[in-house]
Amino acid sequence: MAFTLQLGESAVDFRLPATDGKTYSLQDFADAKGLVVFYTCNHCPFVLGSNEVTRRTAEKYAAHGIRFVGINSNSERTKPDDSFEHMVKMMEEQKFPWVYLRDESQDVARAYGALRTPHFYVFDENRKLIYTGRGVDNPRDVSKMTVNDLDNALAEFVQGKPISVPLTNPIGCNVKWDGQDEHWMPAEACDLV
């Protein structure tokens, strides 16, 4: 079995606390035409470098019924800046247009097979995976970005077209797995393409 959720597979349910004080599951987004679940965090330079592009993409597709859900699964023992308290502070300051969830057990990250931060998963109205991988090709320095794969996939989806590039390799820091060296990745976690 592949480490990362495969194209065509169903979104995995979750029940996680958010920075807004609520707890969310997949059912809370049932009205969304499409759902973008992405693994993110507070400290990673690839996340920080591309957050504003992700914001613009989320705002652009909100009118089309696309919802964004950010999940932070990083071990706060490895990266204290990724604690829930820091997540709340970041959302208060940045006011990102997505729900920001904490996966402290890392069970949801394992279920999705999250490789890096950021790592995007786009699901259609039936919650089948239609795109997974990177947001952009240079998330650390978006001034050098040449393609926004996430935007391209969402544009094709809302136009009812098949996704021309449904699979890319996520670019970013690896997920910080609890009890492991900060650069450790599971042996079965490998590039998607």
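Author: We can start with the cysteines. The model is predicted. Cys173 has a relative accessibility of 14%, so Cys173 counts as buried, the cut-off being under 20%.

Reader: What does Cys44 count as, and at what relative accessibility?

Author: Cys44 counts as buried, at 0% relative accessibility.

Reader: How many disulfides does the structure hold?

Author: The count of disulfides is 0. A disulfide is read from a pair of cysteine sulfur atoms within 2.5 Å.

Reader: Next, helices. How do I read which side of a helix is covered, and which residues of α2 are buried?

Author: List the buried residues, then look at their directions from the helix axis. In α2 the buried residues are Met87, Met90 and Met91. Viewed along the axis of α2, these buried residues lie within an arc of 95°, so they line one face of the helix.

Reader: Which exposed residues does the face of α2 turned away from the buried side carry?

Author: That face carries Glu85, Glu92 and Glu93, which are exposed.

Reader: What do the buried residues of α2 pack against?

Author: The partners of the buried residues of α2 are α1, β4 and β5.

Reader: And where is Gln94 placed?

Author: Gln94 belongs to helix α2, which covers residues 84-94. With a relative accessible area of 33%, Gln94 is partly exposed. Leaving aside neighbours within four places in sequence, Gln94 is in contact with Glu52 and Arg55. For a sense of distance, Gln94 and Gly172 are 78 residues apart in sequence, and their C-alpha atoms are 20 Å apart in space.

Reader: Which residue follows α2, and what is its phi?

Author: Lys95 follows α2, and the phi of Lys95 is positive, near 50°.

Reader: Now helix α4. How many of its residues are buried?

Author: Here 8 of the 10 residues are buried, and α4 (residues 149-158) is mostly covered. The buried residues are Asp149, Leu150, Asp151, Ala153, Leu154, Ala155, Glu156 and Phe157. They pack against the strands β3 (34-39), β4 (66-72), β7 (119-123) and β8 (129-133), and against the helix α1 (45-62).

Reader: What should I look for at the ends of α4?

Author: At the start, look for a side chain that reaches a backbone nitrogen. Asn148 caps the N-terminal end of α4, with a side-chain oxygen 3.3 Å from the backbone nitrogen of Leu150. At the other end, look at the backbone angles. Gly160 follows α4 and has a positive phi, near 75°.

Reader: How many salt bridges does the structure hold?

Author: There are 10 salt bridges in the structure. One case is Asp149 with Arg134, whose closest N and O atoms are 2.4 Å apart. This pair links distant parts of the chain, 15 residues apart: Asp149 is in helix α4, and Arg134 is in the loop between β8 and α4. Asp149 counts as buried, at 7% relative accessibility.

Reader: Where do Glu76 and Arg102 lie?

Author: The side chains of Glu76 and Arg102 meet in a salt bridge, at 3.9 Å from N to O. Glu76 lies in the loop between β4 and α2 and Arg102 in strand β5 (residues 99-102), so the pair ties together parts that are 26 residues apart in sequence. Glu76 counts as partly exposed at 30% relative accessibility, whereas Arg102 counts as buried at 4%.

Reader: What separates Asp107 and Arg110 in helix α3?

Author: About one helical turn separates Asp107 and Arg110, because they are 3 residues apart in helix α3 (residues 107-112). Their side chains meet in a salt bridge of 2.8 Å, N to O. Asp107 is partly exposed, with a relative accessible area of 45%, and Arg110 counts as partly exposed at 41% relative accessibility.

Methods: Residues numbered from 1 in each chain as written. Predicted model: local features only at pLDDT ≥ 70, side-chain atom pairs only at ≥ 80, totals over all residues. Heavy atoms only, no water. Buried < 20%, exposed > 50% of the residue type's maximum accessible area, 1.4 Å probe, protein only. Helix = DSSP H or I, 4+ residues; strand = E, 2+ residues; numbered from the N terminus. Contact = heavy atoms within 4.5 Å. Polar contact = N/O pair within 3.5 Å; in protein donor to acceptor, adjacent residues only side chain to side chain. Salt bridge = Lys/Arg side-chain N within 4 Å of Asp/Glu carboxyl O. Arc of directions from axis to C-beta.
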